[in-house]
Structure formats: C-alpha cells, structure tokens
Amino acid sequence: MKYKILIVEDEPDIVRLIENRLDNEIFDVTVALDGAEALRHIERHHYDLVTLDIMLPHVDGLTLCENVRQRHKDSLILIISALDTIEQKEKAYNLGADDYIPKPFSPKLVAIKIESLLKRRIEMLHAPLPCYANIQHDSALKQFYIHIHPLMLTVSEYTIFKILFDTPKKVFSKEELSQILYNEDIGNIDKEGIGTHIYQIRKKIAMLSKDDMIKTIRNVGYTLYEC
C-alpha cells in the first residue's frame with residue numbers, strides 16, 4: 001500500500017524538486033498549487049502526510065494546517081516555508097504541524113524528513129511508551145504526543161502536564177501544582193500562574209484532540225481523565 005502525500009506549493013519548480021525525490025513505488029503524490037485547491041483535496045480525501053507552504057494564494061498555509069489537524073488527527077504535517085522565524089514556527093507547531101523546514105531547502109532533506117515522520121508514526125503506533133487515553137509520553141525526549149502528534153509545551157506546561165499524566169484521575173489543587181512547579185512555600189503560591197498554564201495546555205490539546213482531557217473540579221483543582 002502506498003502512502004498518500006499532498007504537496008501544497010505554488011511554485012511548480014519546487015514541486016518538481018520534491019516529487020523527483022519521492023519514490024513513486026512508495027508514495028502516491030497529489031499536488032495543489034494554491035490554498036483553495038488544497039482545501040478541496042483536504043475536505044475530500046485523507047492523506048498520510050501533507051507538506052504546506054505558508055504563503056499561498058487564496059488560503060494561507062497556517063489556515064490549511066489548522067484545517068488538516070481538525071479534520072484528520074492522524075495526518076502528518078510538514079511545513080516548508082521561507083518564513084524562518086521563531087514566531088512563525090511556534091504558530092505552526094501550535095496549530096498542529098509535526099515538523100518545519102525553512103526555504104531554501106535541500107530536496108534530499110525533505111524526502112528524508114517525510115520518510116522519517118512516516119517511520120516515526122509507525123513506530124509510535126507499536127511503541128511501548130507510557131500512555132493514557134490518546135496521550136503518549138517519551139520521557140527521554142521530554143515530549144508528549146496526542147494521536148501520535150507532538151504536543152508542543154513550554155517547560156512549565158510540560159512539568160504541570162507530566163504531574164497530571166503520572167497520576168491520572170488524581171485531583172491536584174493549584175497550591176500543590178504551584179509548590180511542585182516553583183518549589184515555593186505555601187505563602188508564595190501563584191494560583192493565577194497555574195490557571196494560565198492550564199489554559200494554554202488546554203488550547204494546545206484542542207488543536208490535536210476534540211477531547212478536553214484536563215477536568216476542572218470546582219473549588220478543588222485539576223485532574224487528567226479519559227473522555
């Protein structure tokens with residue numbers, strides 16, 4: 001069975017460079033030269049992997065990224081863009097991108113990235129990583145995955161989410177989380193800070209899953225539970 005790949009790129013020369021590096025015995029490649037055409041393909045078909053430029057006619061790549069992630073939780077997304085800033089990469093990852101390659105790029109590197117992402121997906125589907133519901137945790141990389149996609153968390157967000165993940169269904173108060181996170185005395189607890197971190201974690205989870213896995217127990221605290 002071939003992997004279905006959608007290449008979204010408005011420059012035909014770049015499309016050819018990528019296509020020439022992909023083995024047609026392994027990959028079934030579809031090309032979209034603008035965002036509107038890509039959106040039609042995404043609405044009608046499921047792809048194993050989608051490559052996206054950001055600056056596209058009609059519909060931009062970040063909008064497409066969000067659309068792919070909402071429709072197809074298990075599709076992999078590789079951004080290939082000349083917008084090589086931390087802010088753009090952060091936006092892309094927060095919207096569900098799995099990897100990001102800046103332009104100009106090596107066609108060989110793109111092929112390697114595509115093969116690597118698909119291989120990682122297969123390995124994760126069979127990997128004995130600690131998991132709860134649709135969440136997997138790689139402690140060596142300090143990385144969480146939801147539906148095999150990386151959950152891009154800050155250091156503080158990762159620490160909080162790991163506390164909840166390690167003991168699901170246990171309720172942690174803001175005071176407890178703050179003490180663990182900041183190693184603070186009870187008199188210096190930052191409750192608002194914990195609430196902000198939980199809000200950001202939930203926003204990032206929502207990009208990868210329709211389930212709100214963090215449950216608020218009113219006037220008590222937070223817990224991780226399986227929907």
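## A polar contact at Arg 69

A polar contact is a pair of N or O atoms within 3.5 Å; within protein, one atom must be able to donate a hydrogen and the other to accept it. In this predicted model, the side chains of Arg 69 and His 149 form such a contact at 3.3 Å.

Arg 69 belongs to helix H3, residues 61–71. Its relative accessibility is 0%, so Arg 69 counts as buried. Beyond residues up to four places away in sequence, Arg 69 touches Ser 75, Ile 77, Leu 95, Gly 96, Asp 98, His 149, Met 207 and Leu 208.

## The sheet

Five strands make an open sheet in the order E2-E1-E3-E4-E5, with parallel pairing. E2 and strand E5 (99–102) are the edge strands; each has a single partner, so one side of each lacks a neighbour in the sheet. From one strand to the next, the twist averages 20°.

Four bridges join strand E3 (residues 49–52) to strand E4 (residues 76–81) in the parallel sense. Thr 51 has Leu 78 as its bridge partner in E4. Helix H3 packs on the sheet and touches E1, E3 and E4. The direction of H3 makes about 165° with that of E3.

H2 lies across strand E1 (3–8) and E2. H2 runs at about 135° to E2.

Leu 33 sits in the loop between strand E2 (27–32) and helix H2 (35–44). Leu 33 has a relative accessible area of 40%, so it is partly exposed. Leaving out residues up to four places away in sequence, Leu 33 touches Glu 9, Asp 10, Val 15 and Pro 57. Leu 33 and Ala 97 are 64 residues apart in sequence; their C-alpha atoms are 20 Å apart in space.

Key
Residues numbered from 1 in each chain as written. Predicted model: local features only at pLDDT ≥ 70, side-chain atom pairs only at ≥ 80, totals over all residues. Heavy atoms only, no water. Helix = DSSP H or I, 4+ residues; strand = E, 2+ residues; numbered from the N terminus. Buried < 20%, exposed > 50% of the residue type's maximum accessible area, 1.4 Å probe, protein only. Contact = heavy atoms within 4.5 Å. Pairing = 2+ DSSP bridges. Axes fitted to C-alpha atoms, helices over the stretch in contact; angles between N-to-C directions.
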